Amino acid sequence: FTPSSFLRTGQLSNVDLNEDVRELETELPRPYPNEIPHNEKLLSLKYESLDYDNSENQLFLEEERRINHAAFRTVEIKRWVICAMIGILTGLVACFIDIVVENLAGLKYRVVKDNIDKFTEKGGLSFSLLLWATLNASVVMVGSVIVAFIEPVAAGSGIPQIKCYLNGVKIPHVVRLKTLVIKVCGVILSVVGGLAVGKEGPMIHSGAVIAAGISQGRSTSLKRDFKIFEYFRRDTEKRDFVSAGAAAGVSAAFGAPVGGVLFSLEEGASFWNQFLTWRIFFASMISTFTLNSVLSVYHGNAWDLSSPGLINFGRFDNEKMGYTIQEIPIFIFMGVVGGILGALFNALNYWLTMFRIRYIHRPCLQVIEAMLVAAVTAAVGFVMIYCSRDCQPIQGSSVAYPLQLFCADGEYNSMATAFFNTPEKSVVNLFHDPPGSYNPMTLGMFTLMYFFLACWTYGLTVSAGVFIPSLLIGAAWGRLFGISLSYLTKGSIWADPGKYALMGAAAQLGGIVRMTLSLTVIMMEATGNVTYGFPIMLVLMTAKIVGDYFVEGLYDMHIQLQSVPFLHWEAPVTSHSLTAREVMSAPVTCLRRIERVGTVVDILSDTSSNHNGFPVVESNPDTTQVAGLRGLILRSQLIVLLKHKVFVERANLSLVQRRLKLKDFRDAYPRFPPIQSIHVSQDERECMIDLSEFMNPSPYTVPQEASLPRVFKLFRALGLRHLVVVDNRNEVVGMVTRKDLARYRLGKEGLEELSLAQT
C-alpha cells in the first residue's frame, strides 16, 4: 500500500486541482519532483468523511412516514438477499483466484524444475537461475504495471484502506469496480511471480468492493443502473454492507466464518448492533460454503466439502498434539519472541515506506522496484537451494515439486520445499511434515532470508497480503524452536515441531498486525482444533503487549503514514484540559434560510474553504432577533439543488419552488458533480433559494465548554461528519469535523497536535 501512489499530483481526487497546479507551476517545472518531503506528523486534508448520520430533512421524514410496516419488511428481506449475494460472489472470486494461481504457479514450477533437472546433469545451472528470475520478474512486471498506472489504490493488502473506510474516511476509489478487477488480477500475478506475499489479505478488500457494488444496485463505473436497492444509496447503509463484505472476504480466505465476523468487529466497523452481527455471520457462512462447494467440484469429489478456505492448515490430531501445563511458559516465551520480531519487521518497513514516499513516487520507478524484488527473491531462493546440503528421502513425503539437485537418487532437497513452492503450501508443509524433515540450519537460514524479503515486499506497488508471509516466517522459526527443544530434552515425546510451528506462526502474525480476538478464532477455525484456543490466545496476547511497547501494528502504521484522519476508539487520555472552543474550526461559513443563489454559488466555488457542511441561520437580518442556528445543509445537497434549479425569483417568493424527491439526491450519490460543472446564469444568480425543507433541522450541537473527550465520544459513536459548536444563545461559534479531532494524538512526550497539509 505505497503511500507514494496517493501523493501523485495528477490524481488528487477531491482536492481542488487548480490550486495545486498553481503551486506546482511556481515551484517545479517538471511533473514529478525528485524528492517529496514527507513527515509523519501531518494530517492530509484530501480525505473527506463519510456521512453516517442521516440528514433528517422534511423530504426524508415524509418518505419514512409514507413507508408502512410491510414495506419495512421488504427492506429487511432485501438486506438479507444482498448479504447472501455478497457471500456467493466473494466465494466465487476467491475460487477464481485460487484456481488460476494453482494452475499458473504449477506451470511455472514444472518448467523451472524440468530445466533444473536437465542442467544438473550436464552443468550450466546458471541458465536455470536466469530462467527462474526472468519468469518471476516478467510476471510481476505485468502485475505491478496495472496497479501503478491504472489504479494505485489496489496496491498492498487493502486492509488499511478498508479499515479507514469503515472508520468513516472516504478514501478515493477504494470501493470501485475497477479497483476490484485490478486487485484480483494483481494478486494472481504477484503470487505467481513468486513474491513473498499471500492472496489472503486482498480477499478482504475484494469482499468489501463487491459488497459496496451490490448494495447500491448499480455500477457507476459501467454507467449501468439496475433500479434496485435504491433505498440503500447512502453512506449509512453502504458502510454496513461493506463490513459484511470484509467479513465474507476473511471467511473465504481462511475458512473461518466466525473469525470473519470478529475481524469486522475488531478491525473495522465503528458501528455495531445485533441484527448487523447476524447478517454479517450469514454472509460469511455463505461465502465459505460457496468456496467449499465450487472447489470440491473442481477437484472432482463433489460431495466432499473439505476445502473451506483458500488456505487450509490441515487438521491437527489431538492424540499426537496435546499440550501439557509445563509448556505454557514456553508458549508465552514464544509470544515475546514473536512480539519483538514483529516490532522489528514493522520498524524496518516504516523506514522503507518513508523512503518510498520520498523517492520512489513515480509509477515507472515503482514498477522497476517490484521487478527488482521479484528477481532478487528468485535469486535468493535459488542460491539457498543450491548451497543447501540437506537431503531427505522422497518415500512417504508429500512434496509437490521435489528438486533432486546434488542429492542421491530417491532423495530431495528439503530447502526446496520451503522456497520452491507457493507460500501457502510451504506453511502447511512446516506444520505437518514429520519430525526430522528439516535440518535446523535450513530453517534458520530460511527464516532470516524470508524475514527480510517479506519486509521488503510489503508496500511494493503490487496487490499482496502480509498474512501468509508472516505465518511462514513464524512457522519456520517455531519449528526450529521445537527441534532445538527436543535436542535439549533428549528427544522427549512432547516436543512435536508441528505444534511449535503453529504457535510460532501465531506469534509472528500477532506481532506484526496486532490482532487479538479475531486472529485467535481464525487460527482455531483454520486448524480445526479447539484444544489450542488457550495457548494461541496467550501467545497472541503476549505478542501484542510486547510489540505495542516498541512500535504500533503494521496496518495502523501505514494508516498514519498516509496522514489519514483516523479516529481511534477513545480520545487521547490526557486531553480533558481541552474544550470544544479550542478544538473547533472558526469562523464558520453560514447560510441564511432563504439565500441568494449567487451567494451559494460563490461560497461553493471558493477554493480556499473546501467546506462540506454549512449551518443555516435565521434569515431576517433587519429585526433584533438573534441569528440562531436553524439547521445544517451539506455541499452535496446544495449542488443537487442548483443542478435541478430549485429557486424562485425575488419578486414572487410566495410561488412554490420545484419539488424535489429524495430520489433526486440518491441518484446523484456517490459521485456528486463538482460545482464548476454547474452553470448558473447572471439572472439566476439574483434568484432566491429556500433551504427549509432540504436542511437537516436538528443537527447535533455541543456547547463550547464541552471537553474534548466528550466531543470525541459524541462524534465517534454517532459517526458524525459535522458537529456544530454553539454558545448559550444558540448562535453558531464553530464547527468540529474529523480533522479537528484526529489532530490530537498521544506521542512519546504526551499530547501532540499534528499539522494539516493539502496533499
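Reading aromatic pairs in a predicted model

Phe446 and Tyr450 sit four residues apart, about one turn of the helix, and both belong to helix H17 (residues 440-457).

User: How is a pair of aromatic rings described?

Analyst: In general, two values describe such a pair: the distance of the centres and the angle of the planes. The model here is predicted. A search of the whole structure finds 20 aromatic pairs. One of them is Phe446 with Tyr450, at 5.1 Å centre to centre and 25 degrees between the planes. This pair counts as stacked because planes under 30 degrees apart fall in that class.

User: Are Phe446 and Tyr450 buried or exposed?

Analyst: Phe446 is buried, and Tyr450 is buried as well.

User: What are the distance and the angle for Phe481 and Tyr500?

Analyst: The centres of Phe481 and Tyr500 are 6.3 Å apart, with 50 degrees between the planes, and the pair is tilted. It links distant parts of the chain: Phe481 lies in helix H18 (residues 467-488) and Tyr500 in helix H19 (residues 497-513), 19 residues apart.

User: Why is Tyr500 classed as buried?

Analyst: Tyr500 is buried because its relative accessible area is 0%, and the class requires a value under 20%.

User: Which residues do ring pairs link into a cluster?

Analyst: The cluster consists of Tyr109, Trp132, Phe382, Tyr386 and Phe420, linked by ring pairs.

User: Where does the charged end of Arg234 sit, and where that of Arg716?

Analyst: The charged end of Arg234 sits over the ring of Tyr231, 4.8 Å from the ring centre. For Arg716, the charged end sits over the ring of Trp569, 4.4 Å from its centre.

How values were computed. Residues numbered from 1 in each chain as written. Predicted model: local features only at pLDDT ≥ 70, side-chain atom pairs only at ≥ 80, totals over all residues. Heavy atoms only, no water. Phe/Tyr/Trp six-rings, centres within 6.5 Å; stacked < 30°, edge-to-face > 60°. Helix = DSSP H or I, 4+ residues; strand = E, 2+ residues; numbered from the N terminus. Buried < 20%, exposed > 50% of the residue type's maximum accessible area, 1.4 Å probe, protein only. Lys NZ or Arg CZ within 6 Å of the ring centre and 35° of its normal.
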